[in-house]
Amino acid sequence: MRSLKKWNHQLQRVWADEGFLSSIKKLEGFVSRILSLFMIVVILVATWDLGRLLIQEIAIEPTGFFKSTLFEIFGLFLNVLIALEILENITAYFRNHVIQVELVISTSLIAVARKVIIFDLEKSTGLDLIGLAVAVFALSTSYWIIRQSNKRRVR
């Protein structure tokens with residue numbers, strides 16, 4: 001009976017506002033650490049894949065290499081950069097417990113830039129191109145607005 005009361009008291013303490021928020025903060029920290037580790041694995045694998053492709057392309061065709069795979073190589077480079085930005089987002093959240101909108105938008109801009117670079121005009125329609133242009137414009141405008149508001153806050 002005494003252990004049941006003790007367990008009930010602990011449960012009430014955890015479900016109280018401060019205890020519950022503390023539990024959520026610990027869970028967020030744990031998930032952030034796991035996501036960071038997973039993202040490091042993704043970055044290492046993507047970098048390995050990029051290095052393997054570069055070495056393979058140079059070894060197979062030393063003269064005039066990168067003809068058909070140049071866009072693929074650019075895409076892989078940008079994949080690594082995007083993964084690094086996502087890792088930065090995760091670690092910034094872990095440090096400050098705040099999502100930094102400027103970082104998220106800059107990561108999105110890199111992802112859209114990757115899409116622009118590898119965009120295949122032969123396989124895509126004009127509507128796809130218009131949609132990509134709208135995304136670039138919206139993200140650029142959002143980034144500019146965030147930058148302006150951050151400048152005003154610093155002054």
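The expected span of a helix is taken as 1.5 Å times one less than its number of residues, and helices are DSSP runs (H or I, at least four residues), numbered from the N terminus. The structure is a predicted model, in which local features require pLDDT of at least 70 and side-chain atom pairs count only at pLDDT 80 or more, whereas totals for chains, interfaces and linings use all residues. Residues are numbered from 1 along each chain as its sequence is written, and side-chain values use heavy atoms, with hydrogens and water left out.

Helix α2 comprises 44 residues (17–60). At 1.5 Å a residue it should span 64 Å, and the 63 Å between its end C-alpha atoms agrees with that expectation. For helix α3, the 27 residues should span 39 Å at 1.5 Å a residue, and the end C-alpha atoms are 39 Å apart, in agreement. Helix α3 covers residues 70–96 and is followed by His97, whose phi is positive, near 55 degrees.

Burial was assigned from relative accessible area (buried, under 20%; exposed, over 50%; partly exposed, in between; 1.4 Å probe, protein chains only). In α2, the buried residues are Gly29, Ser32, Ser36, Met39, Ile43, Ala46, Leu50, Leu53 and Glu57. These buried residues pack against α3, where contact denotes heavy atoms within 4.5 Å. The buried residues of α3 include Ile73, Gly75, Leu76, Leu78, Val80 and Ile82, as well as Ala83, Leu87, Asn89, Ile90 and Ala92. Their packing partners are α2 and α4 (101–118).

A search of the whole structure identified two salt bridges, each defined by a side-chain nitrogen of Lys or Arg within 4 Å of a carboxyl oxygen of Asp or Glu. One joins the side chains of Asp49 and Arg52, with an N to O distance of 2.4 Å. Asp49 and Arg52 are three residues apart in helix α2 and are therefore separated by about one helical turn. An α-helix has 3.6 residues a turn, so residues three or four places apart point the same way. Asp49 has a relative accessibility of 27% and so counts as partly exposed; Arg52, with a relative accessible area of 42%, is also partly exposed.

The other salt bridge is formed by Glu102 and Arg147, whose closest N and O atoms lie 2.9 Å apart. This pair links distant parts of the chain, with Glu102 in helix α4 and Arg147 in helix α5 (residues 126–154), 45 residues apart. Glu102 counts as partly exposed because its relative accessibility is 21%, and Arg147 is partly exposed at 35%.

Conventions
Helix = DSSP H or I, 4+ residues; strand = E, 2+ residues; numbered from the N terminus.
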